[in-house]
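Let's take a walk through a protein model together. Keep the sequence and the 3D view open, and look up each residue as we reach it.

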Amino acid sequence: MSKLGRMNAEKIDNLVKKWVRPDICGLSSYKVQEATGLIKLDAMENPYIWPETLRDDWFTRLRNLDVNRYPHPQAPGVKLALRRVMGIPEDAQLVLGNGSDELIQMIAITLGGPGRTILSVEPSFVMYQMIATFLGLNYVGVPLCPKTFDLDPGRLLAAIEEHQPAVIFLAYPNNPTGNLFDEAVMLQIIEAAPGVVVVDEAYAPFTDASFMSRLLQNEKLLVMRTLSKMGLAGLRLGLLAGPAGWMAEVEKTRLPYNINVMTQMSVEFALNHHEVFEEQTSAIRASRERLLEALAARDGIEPFPSDANFILLRLSKGNAEQVHEGLRSKGVLVKSMHGSHPLLADCLRVTVGNPGENDAFLSALDSVL
Ligand SMILES: *Cc1c(COP(=O)(O)O)cnc(C)c1O
């Protein structure tokens with residue numbers, strides 16, 4: 001490096017230390033594993049691509065898309081299509097996000113602030129805590145029950161009483177554990193919450209359970225979904241549904257034009273062919289059951305029940321890192337959860353792939369165990 005370059009780097013370093021918020025300096029950025037050339041079972045993506053006829057039709061629309069203009073600020077076509085396929089109650093309003101990650105941020109901006117608390121359970125989706133940290137909010141993570149990964153009503157109700165959270169996030173089914181929480185306890189939490197409870201239904205395409213139909217029976221309930229796990233992860237579209245009073249406030253924090261023209265057109269188009277995604281996601285559900293059985297039949301593996309498109313599994317003590325690396329060397333990428341939370345010791349999380357990918361995963365597993 002040139003002398004000038006070195007001098008500048010030091011200067012920047014000092015200025016960074018002086019001015020960047022210490023809590024941001026202390027963070028590490030969200031890590032995504034290198035996946036080139038590997039069978040990708042680490043990120044809950046849908047393994048299936050679009051049928052050729054659908055692609056052709058989509059390309060025709062793309063050709064006619066003008067990108068010199070800003071997108072429609074409210075994306076009404078997208079909202080209508082979402083209402084049609086998701087059974088959103090007529091009186092509920094929608095806010096759209098660039099992925100549901102962005103909606104978590106908008107909710108936290110709307111209800112957060114100095115001295116405000118965001119509460120969730122642990123282990124769960126890490127963005128709840130990360131976004132609370134970005135915004136300088138208090139974050140409280142209440143541990144789930146060991147073994148079942150279900151909600152611990154005693155601890156949760158005590159934490160709600162003590163911390164009076166502005167927002168409670170509950171992923172249903174939960175990531176990375178895959179289970180649905182006890183419905184009666186969920187309702188108890190919604191009842192006891194002083195502020196908003198966001199039920200994050202990112203894995204809705206893989207379960208029959210949902211809080212969507214309860215949306216207008218409780219003033220404090222909001223339901224969040226995403227199209228990512230259904231098969232449109234690359235387009236980035238999330239939605240928040242809830243009573244008009246809450247939605248109008250969250251909408252104020254939405255950056256103008258957050259849903260770009262390609263996403264608006266493509267999502268509308270895809271949802272008009274929703275049957276394609278229903279076929280794909282039901283194939284994934286069937287594969288999940290086969291994969292669960294295959295894993296349960298193996299020695300030294302404890303798979304946990306799943307209502308999502310992934311399976312959490314526990315290996316014999318001390319084995320997770322070595323198996324994770326072994327799988328990678330055999331060409332299969334999964335996610336190691338070991339070390340991310342005490343309740344996830346010796347655990348890996350594998351996304352359900354297509355039958356060929358699942359078989360490749362199982363035989364790689366057999367060869368490294
Ligand atoms: C994947 C995931 C999300 C984020 O989805 P995007 O819409 O892609 O940002 C949100 N919540 C949970 C629980 C998830 O697993």
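A polar side-chain atom of Lys229 lies 3.1 Å from an oxygen atom of the ligand, so we begin at a polar contact, which means a pair of N or O atoms within 3.5 Å (within protein, one must be able to donate a hydrogen and the other to accept it, and residues adjacent in sequence count only if both atoms are side-chain atoms). Before going on, please note that this is a predicted model, where local features need pLDDT of at least 70 and side-chain atom pairs count only at pLDDT 80 or more, while totals for chains, interfaces and linings use all residues. Residues are numbered from 1 along each chain as its sequence is written, and side-chain values use heavy atoms, with hydrogens and water left out.

Now look at the whole shell. There are 13 residues around the ligand, and Asp200, Tyr203, Thr226, Lys229 and Arg236 come nearest; a residue is near a molecule if one of its heavy atoms lies within 4 Å of it. By class, the shell has 4 nonpolar, 5 polar and 4 charged residues. Here Ala, Val, Leu, Ile, Met, Phe, Trp, Tyr, Cys and Pro count as nonpolar, Asp, Glu, Lys and Arg as charged, and the others, Gly among them, as polar.

Next, visit some loops. Asp42 sits between strand S1 (39–40) and helix H3 (52–63); helices (H or I, at least four residues) and strands (E, at least two) are DSSP runs, numbered from the N terminus. Is Asp42 buried or exposed? Asp42 counts as buried because its relative accessibility is 7%, where buried means under 20% relative accessible area, exposed over 50%, and partly exposed in between (1.4 Å probe, protein chains only). The side chain of Asp42 also makes a polar contact of 3.0 Å with that of Lys40.

Two loops hold a cis peptide bond. One joins Glu122 and Pro123, with omega about 0 degrees, and Pro123 lies in the loop between strand S3 (117–122) and helix H6 (127–134). Another joins Tyr172 and Pro173, again with omega about 0 degrees; Pro173 belongs to the loop between strand S5 (167–171) and helix H8 (183–192).

Finally, consider backbone angles. Lys147 is not a glycine, yet its phi is positive, near 75 degrees. Lys147 is in the loop between strand S4 (138–143) and helix H7 (153–163), and it counts as exposed because its relative accessible area is 71%. Asp346, also not a glycine, has a positive phi of about 65 degrees. Asp346 is in the loop between strand S12 (335–336) and strand S13 (347–351), and it counts as buried because its relative accessibility is 9%.
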